[in-house]
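Biologist: Could you open the model for me, and then we can go through a few residues together?
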Amino acid sequence: MKAMICALALGVGLAVSGVGCAGINSDVVVAAGQHAGNVSSVNGDIRVAADGHVRKAETVNGDITLGARATARKLETVNGGVTLGNQARVSDDAETVNGDITLHQGADVRGEVSNVNGDLRLEAAHVGDGLETVSGDITVGANSRVEGGIEVERPSRGSMSTHVPRIVIGPHAVVTGKLQFKRPVKLYVSDSATIGPVTGATAVRFSGSRP
């Protein structure tokens, strides 16, 4: 699949701050250090390279990736994953319907991180307004911090999924707010982790790096 480079599409050496970039059947790339407004695709990935910035990244059938120290206001896809590199920052929400969301070391999402089907993984990262899923596994890795709690919703009527979500709160991780489970889950919490009140599940404590 051919990639659209935002700066080239705009016909300038560097993308102008606040100017958008869109593709339909192509990937969209914001090059390292460049700034753009809203960037979007339908059947393509969106990649913001290291130190780049976008206002909003949105696609339907594609992945969204922020490189190291890249920033965005909001990330949204339907059928694709979302990945934040080391120290990448999102000032609002990061969400998908069918896909994994991964926050690498030092990544920071000030809003909510959510999906329906797919795993949520934090690696020494921060989320400011909670984690939410229906059928995904959640790993709040060592030294991560989640404010706003965790919520696992009931699957929709007619859902054929029999997967029991696995929730792991790792060593020295902190989850403030309620942990609410509206369907059966397996909840594992490190002896050194700190969590808020739990409803709908019984926490199994573990020592070491993983259960």
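Biologist: Where is the place of Gly 130?
Modeller: In this predicted model, Gly 130 sits in the loop that runs between strand 16 (126-127) and strand 17 (131-133).

Biologist: And is Gly 130 buried or exposed?
Modeller: Gly 130 is buried, because its relative accessible area is 3%, and buried means under 20%.

Biologist: Which residues is Gly 130 in contact with, leaving aside its neighbours within four places in sequence?
Modeller: With those neighbours left out, Gly 130 is in contact with Gly 111, Glu 112, Val 113, Val 146, Glu 147, Gly 148 and Gly 149.

Biologist: Which side chain of opposite charge is nearest to Asp 93?
Modeller: It is Lys 74, at 4.6 Å; a salt bridge needs a nitrogen-to-oxygen distance within 4 Å, and Asp 93, although buried, has none.

Biologist: Changing topic, which way do the residues of strand 3 point?
Modeller: Asp 27 and Val 29 point one way from strand 3 (residues 27-30), while Val 28 and Val 30 point the other way, and all are buried. In a regular strand, side chains alternate between the two faces of the sheet.

Biologist: In what sense does strand 3 pair with strand 5?
Modeller: The two pair in the parallel sense over 3 bridges, and the bridge partner of Val 28 in strand 5 is Ile 46.

Methods
Residues are numbered from 1 along each chain as its sequence is written. This is a predicted model: local features need pLDDT of at least 70, side-chain atom pairs count only at pLDDT 80 or more; totals for chains, interfaces and linings use all residues. Side-chain values use heavy atoms; hydrogens and water are left out. Buried means under 20% relative accessible area, exposed over 50%, partly exposed in between (1.4 Å probe, protein chains only). Lys and Arg count as positive and Asp and Glu as negative; His and the chain ends are not counted. Helices (H or I, at least four residues) and strands (E, at least two) are DSSP runs, numbered from the N terminus. Contact means heavy atoms within 4.5 Å. Two strands pair if DSSP finds at least two bridges between them.
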